[in-house]
Amino acid sequence: MEEDLNSTIHPACLEDPPLAIDVISQLDVYDICLYSMLTFMSCMSLLLYLEQCVYIYKNLGYPKKTSLIWISGAAPVIATMSCLGMWIPKAVMFTDMTSNCFFAVVVYKILVLMIKEFGGSTDFLRRFSGKPFKISTGPCCCCCYACLPYVPMSWRMLFLMKLAALQYAILKTAFSVFSIVLWTNGEFNPSNLGVTSVGLWINLFVGVLTIISLWPVAILFMNTKNYLRSINMIPKYAMYQLVLVLSQLQTSIINILAMNGVIACAPPFSSKARGSMLSQQMMIMEMFIITLVNRFFYHRTYNPIPCEEHDNDQNVKLDVHAALEEHDV
């Protein structure tokens with residue numbers, strides 16, 4: 001019975017991802033137009049990013065410009081790696097790992113950027129030390145609003161927040177290198193999610209590290225976003241969250257569907273390889289759009305955030321104005 005079933009399945013549906021030359025040789029007119037358009041999008045994303053790096057380097061001071069270059073590069077780098085994975089399906093594991101390692105650094109740089117916007121760690125602590133910070137935020141504790149108290153900001157808390165974000169950038173890269181070493185020995189297979197597979201436990205551990213790193217970034221943003229409105233930090237953070245969802249959640253969903261056979265096989269692509277190809281193509285279009293949006297927010301200079309004395313003066317004026325209105329009533 002199994003032999004009859006296997007005889008009706010195209011041999012390519014049971015094979016590994018095809019070579020790049022096999023993909024190119026079977027492209028029709030529609031595929032040539034699609035691949036050309038997506039390649040053009042990824043190249044434009046990279047060129048716009050390089051031009052933006054030159055602008056940031058010339059017009060902004062150190063060390064804030066380093067964080068901005070890393071953060072604004074998330075979408076172009078992912079688009080470029082997705083383009084390479086689209087043309088060379090056998091290299092998808094390496095291109096995805098490169099994108100994920102780069103984004104792991106971006107998570108830490110987002111935290112650093114918000115601190116730098118206040119003048120650095122010293123000025124940040126001078127401004128917020130002792131003030132209660134809400135920690136019941138996603139992705140860890142968004143449902144624990146009544147359980148978790150407000151925690152006063154301190155040097156120790158800031159250090160732990162930095163450490164939680166930094167560990168992901170370091171350990172994600174280390175686990176990626178470790179996975180490649182295991183793959184060369186035939187012990188790591190990203191598509192094998194069995195209980196005894198090494199890939200499953202590495203992915204689960206990296207997932208926990210991801211959640212731990214995203215939590216301090218969310219805490220800092222939720223408690224300081226009102227001070228950062230003048231530098232458009234809210235839309236910048238929204239773009240960062242969108243890149244996170246598309247590059248992690250969307251890709252995982254498509255890969256799970258492909259591994260379960262929901263995405264049909266289309267020779268020379270197996271179901272898994274076709275799901276990966278569709279993921280790469282969608283990623284290029286999405287990252288191209290995000291690159292254009294990010295250019296509007298990052299290809300410009302902003303005035304420094306007002307000092308704490310200015311905020312106190314504004315609050316006093318608002319209180320006086322409210323008191324006068326109440327007196328008139």
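Student: How many cavities of 30 Å³ or more does the structure hold?
Tutor: In this predicted model, there is one cavity of 30 Å³ or more. The volume of the largest cavity is about 60 Å³.

Student: What makes a space a cavity rather than a pocket?
Tutor: A 1.4 Å probe fits in a cavity but cannot get out, whereas a pocket is open.

Student: Which helices each supply at least two residues of the lining of the largest cavity?
Tutor: They are α6 (92–116), α10 (233–259) and α11 (271–298). With four residues, α10 gives the most.

Student: How is the lining of the largest cavity divided by class?
Tutor: It has eight nonpolar residues, one polar and one charged.

Student: Why is Tyr35 called buried?
Tutor: Buried means under 20% relative accessible area. Tyr35 has 2%, so it counts as buried. Tyr35 lies in helix α3 (residues 29–59). Between Tyr35 and Trp87 the C-alpha to C-alpha distance is 8.3 Å, with 52 residues separating them in sequence.

Student: And why is Val262 called exposed?
Tutor: The cut-off for exposed is over 50%. Val262 has a relative accessible area of 57%, so it is exposed. Val262 sits in the loop between α10 and α11.

Student: Which nonpolar patch on the surface includes Val262?
Tutor: Val262 forms it together with Val245, Leu249, Ile253 and Leu257, and the patch has about 420 Å² of accessible area.

Key. Residues are numbered from 1 along each chain as its sequence is written. This is a predicted model: local features need pLDDT of at least 70, side-chain atom pairs count only at pLDDT 80 or more; totals for chains, interfaces and linings use all residues. Side-chain values use heavy atoms; hydrogens and water are left out. On a 1 Å grid over the protein atoms alone, a cavity is a set of points where a 1.4 Å probe fits but cannot get out, and a pocket is an open set with protein on both sides within 12 Å along at least five of seven lines; lining residues have an atom within 4 Å of a point. Grid points are joined across faces, edges and corners, and a volume is the space filled by probe spheres set on the points. Ala, Val, Leu, Ile, Met, Phe, Trp, Tyr, Cys and Pro count as nonpolar, Asp, Glu, Lys and Arg as charged, and the others, Gly among them, as polar. Patches are made of residues with over 30% relative accessible area and no salt bridge: like charges are joined within 9 Å, nonpolar side chains (Val, Leu, Ile, Met, Phe, Trp, Tyr) within 5 Å. Accessible areas come from the Shrake-Rupley method with a 1.4 Å probe; for residues, only the protein chains shown count as cover. A salt bridge is a side-chain nitrogen of Lys or Arg within 4 Å of a carboxyl oxygen of Asp or Glu. Buried means under 20% relative accessible area, exposed over 50%, partly exposed in between (1.4 Å probe, protein chains only).
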